[in-house]
Amino acid sequence: RDRLSNDRAAIAPAQIAEPVLIVHARDDWITPFSAAAFTVERIPEARFLALETGGYLLLGRHAEVRQRIASFLASLPP
């Protein structure tokens with residue numbers, strides 16, 4: 001079994017009908033970047049904030065992530 005087996009089993013991305021923003025850093029050593037990419041590719045109209053740095057806790061990226069989340073939420077219909 002590969003490392004993503006549990007992640008894939010826990011979610012059926014194609015069935016998600018709500019807007020989704022996925023945030024992930026490439027240098028996250030706990031959850032592989034490929035898990036986020038896999039999920040984004042399978043959720044219709046998902047948006048992806050792919051960060052080069054920040055690690056698992058998105059250190060040093062919090063202001064940018066908060067701004068992107070606020071923009072994402074503001075773009076949704078009421």
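Here is a short chat about the predicted model shown above.

Visitor: What kind of model is this, and how are residues numbered?

Guide: The model is predicted, so local features need pLDDT of at least 70 and side-chain atom pairs count only at pLDDT 80 or more, while totals for chains, interfaces and linings use all residues. Residues are numbered from 1 along each chain as its sequence is written, and side-chain values use heavy atoms, with hydrogens and water left out.

Visitor: OK, how many helices and strands?

Guide: The protein has 3 helices and 2 strands. From the N terminus on, the order is α-β-α-β-α. Helices (H or I, at least four residues) and strands (E, at least two) are DSSP runs, numbered from the N terminus.

Visitor: In which sense do β1 and β2 pair?

Guide: Parallel, over 5 bridges. Two strands count as paired if DSSP finds at least two bridges between them. I22 stands opposite F48 in β2. The chain gets from β1 to β2 through helix α2 (residues 33-42), and that β-α-β crossover is right-handed. Right-handed here means that, with the strands pointing away from the viewer, the path from the first strand over the helix to the second runs clockwise.

Visitor: Is β1 mostly covered or mostly open?

Guide: Mostly covered: 4 of its 5 residues are buried. Buried means under 20% relative accessible area, exposed over 50%, and partly exposed in between (1.4 Å probe, protein chains only). Across the protein, buried residues make up 32% of the 78 residues.

Visitor: Which residues form the largest nonpolar core?

Guide: There are 7: L21, A25, L49, L51, L58, V65 and F72. Two or more of these residues come from each of β1 (21-25), β2 (47-51) and α3 (62-74). A nonpolar core is a set of buried Ala, Val, Leu, Ile, Met, Phe, Trp, Tyr and Cys residues joined through side-chain atoms within 4.5 Å.

Visitor: And what is L21 in contact with?

Guide: Leaving aside neighbours within four places in sequence, L21 is in contact with R47, F48, L49, R68, I69 and F72. Contact means heavy atoms within 4.5 Å.

Visitor: Switching to backbone: what's up with phi at L58?

Guide: L58 has a positive phi of about 55° although it is not a glycine. Most residues other than glycine have a negative phi. L58 is found in the loop between β2 and α3, and it is buried, with a relative accessible area of 16%.

Visitor: Where's E45, and is it buried or exposed?

Guide: E45 is in the loop between α2 and β2. At 76% relative accessibility, E45 counts as exposed. E45 also has a positive phi, near 60°, in a residue other than glycine. Its C-alpha is separated by 9.1 Å from that of A17, 28 residues apart along the chain.

Visitor: Now D28. Buried or exposed?

Guide: D28 is buried, with a relative accessible area of 9%. Its place is in the loop between β1 and α2. D28 touches G55 and Y56, not counting residues up to four places away in sequence. D28 and L57 are 29 residues apart in sequence and 8.0 Å apart in space, C-alpha to C-alpha.

Visitor: Which ring does the charged end of R26 sit over?

Guide: The ring of F33, 4.1 Å from its centre. A charge sits over a ring if NZ of Lys or CZ of Arg is within 6 Å of the ring centre and within 35 degrees of the ring normal.
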